Amino acid sequence: MAKEMSVNGGGGNGYVENGATPTLIPIETEGSPAVSDHSLTILNDGVDGDDERDDEDERENGAVEEEEEEGAEEEPRFKYQRMGGSIQSLLSRGSDAPSCITVAERMIALGTIDGAVHILDYQGNQVKEFSGHSAKVNDLSFDIEGEYIGSCSDDGYVVINSLFTDEREKFEYHRPMKAVALDPDYARKSSRRFAAGGLAGQLLLNTKGWFGNRDQVLHSGEGPIHAVKWRTSLVAWANDAGVKVYDAANYHRITYIERPRASPPAELLRPHLVWQDDRVLVIGWGTSVKIAAIRQKSSGGTNATDRNYSSSTSAKQVDIVAAFQTDYFISGLAPYGDALLILAYIPDKEDGEKEVGKGIPSWQAGCAKRPEVHIVTWKNEDLAADELSIYHFEHYKATDYGLAHAPFSRSGSAATQWIAGDEPLYYIVSPKDECR
């Protein structure tokens, strides 16, 4: 059963989103998933004011005070605060707004619809800005050292910038590029590999050799590439047909996992891929979650409860170890120790029917309830759930939100690092209010 908590413990101190300011929300959790006193923090960007929930919060204050008389009030699982630093000034320029986000151990990269890439520290202060694109930035990728940032855009370019030198590589692909992933060892290896794809429908592996860079087509012919994630030697990507995994060390495709049936078109509700550790891939698509475990093939076969999706030519095999359906659309996905943190998009069906009409789903047109954060187990058990207080949320689409998390330790296990006392960070981004 979900453990419902209100923002800031149900008091009247909820943050406000200024109508002229984009929302960039870092979410910080403290402790390990086994402990009940986590906090969820949205760092403040310095904009004060009244949220539309304040009146409701004030009415609840009386009830809260009565509960306090009976006993100590339970600490909230989530606590929110807006991000500060340079965010407000950077993203209040004309029509610019956030389009994507990724996080490294020491910094944040934020892409915008005008083609800029901002490098920020964890407090939101700008460290660098790159202007290598002339159109919306669709995806960003750091290498494991946090020395390089790759970006791709609707302008058809993939650009890779060094964060500490003037080194820069720019690759033209003539069609909008939707996803990019740097080799985690990009800074260490002379091959300087990256994977990228887009509307051309090809997943490309670019490698630097003696005679320059060369693109190898890993896959094509099944629609646009919507997402790419690279962990150790494993490259996972999603196209219209489903998700595939390639072993870049042994040059073999490992598996194909079909797209969930009846899922919305990928360009309208993006698939989400996240590596929970070095061998576990989590796929969130529409309302479906699948968890794939990758291991060396054995002669004994697979567990009867697992579904095997392995390629016959690969030395590795993939088992679907868990799968479940949610009652909301998935707008973001991240590991939370041994559980998952999901950014939930919930269409307002009644409003959607009234305002949209003509058979257009409300999640496509932007008629929604408040987005929610859910922490769920692999069995789809809600450990916690909460609404996010975002102004004009009802006008946003499922694709307008983004969720990113700070990388975990290189031990490959998020839970291991949390037990050691580190504090994982989560960031949610949404566009500024342009509704009337």
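In this predicted model, the side chains of Ser-162 and Thr-165 are joined by a polar contact of 2.9 Å, where a polar contact denotes a pair of N or O atoms within 3.5 Å; within protein, one must be able to donate a hydrogen and the other to accept it, and residues adjacent in sequence count only if both atoms are side-chain atoms. The side chain of Ser-162 also reaches the backbone nitrogen of Phe-164, at 3.2 Å. Ser-162 belongs to strand β8, residues 157-162; helices (H or I, at least four residues) and strands (E, at least two) are DSSP runs, numbered from the N terminus. Ser-162 counts as buried because its relative accessibility is 4%, with buried meaning under 20% relative accessible area, exposed over 50%, and partly exposed in between (1.4 Å probe, protein chains only). Not counting residues up to four places away in sequence, Ser-162 touches Lys-128, Phe-130, Glu-147, Tyr-148 and Glu-167, contact being defined by heavy atoms within 4.5 Å.

Residues are numbered from 1 along each chain as its sequence is written, and side-chain values use heavy atoms, with hydrogens and water left out. Because the model is predicted, local features need pLDDT of at least 70 and side-chain atom pairs count only at pLDDT 80 or more, whereas totals for chains, interfaces and linings use all residues.

Strand β8 is part of an open sheet of four strands, in the order β6-β7-β8-β9, with antiparallel pairing; two strands pair if DSSP finds at least two bridges between them. At the edges stand β6 (137-142) and β9 (168-172), each of which pairs on one side only. From one strand to the next, the twist averages 15°, with axes taken as lines fitted to C-alpha atoms, for helices over the stretch in contact, and angles running from 0 to 180 degrees between N-to-C directions. Five bridges connect β6 with strand β7 (residues 148-153) in the antiparallel sense, and Val-137 stands opposite Ser-153 of β7.

The partner is the side chain of Asn-250, at 2.8 Å. With a relative accessibility of 2%, Asp-247 counts as buried. Apart from residues up to four places away in sequence, the residues touched by Asp-247 are Ser-233, Leu-234, His-252, Ile-254 and Lys-316.

The structure contains zero disulfides, a disulfide being a pair of cysteine sulfur atoms within 2.5 Å. The cysteine sulfur closest to that of Cys-100 is in Cys-152, and the separation of 7.4 Å is too far for a bond. Cys-100 counts as buried at 9% relative accessibility, as does Cys-152 at 0%. Strand β2 (residues 98-103) is mostly covered, five of its six residues being buried. This strand, β2, runs antiparallel to strand β3 (residues 108-112), to which five bridges join it. The two strands β2 and β3 form a hairpin with four residues between them, and the bridge partner of Pro-98 in β3 is Thr-112.

Another open sheet is formed by four strands in the order β23-β24-β25-β26, with antiparallel pairing. Its edges are β23 and β26 (382-387); each has a single partner strand, so one side of each is left without a neighbour in the sheet. Neighbouring strands of this sheet are turned against each other by 20° on average, direction ignored. Between β24 and β25, which run antiparallel, there are five bridges, and Ile-342 has His-374 of β25 as its bridge partner.

In soluble globular proteins, nonpolar side chains tend to be buried together. A nonpolar core is here a set of buried Ala, Val, Leu, Ile, Met, Phe, Trp, Tyr and Cys residues joined through side-chain atoms within 4.5 Å. The largest such core holds 22 residues, of which Leu-341, Leu-343, Leu-388, Tyr-401 and Leu-403 touch the most other members. At least two residues of this core are supplied by each of β23 (329-336), β24 (339-345), β25 (372-376) and β28 (425-430). The most is given by β24, with four residues. Apart from this core lies another, of 18 residues, including Ala-238, Ile-254, Ala-266 and Val-318.
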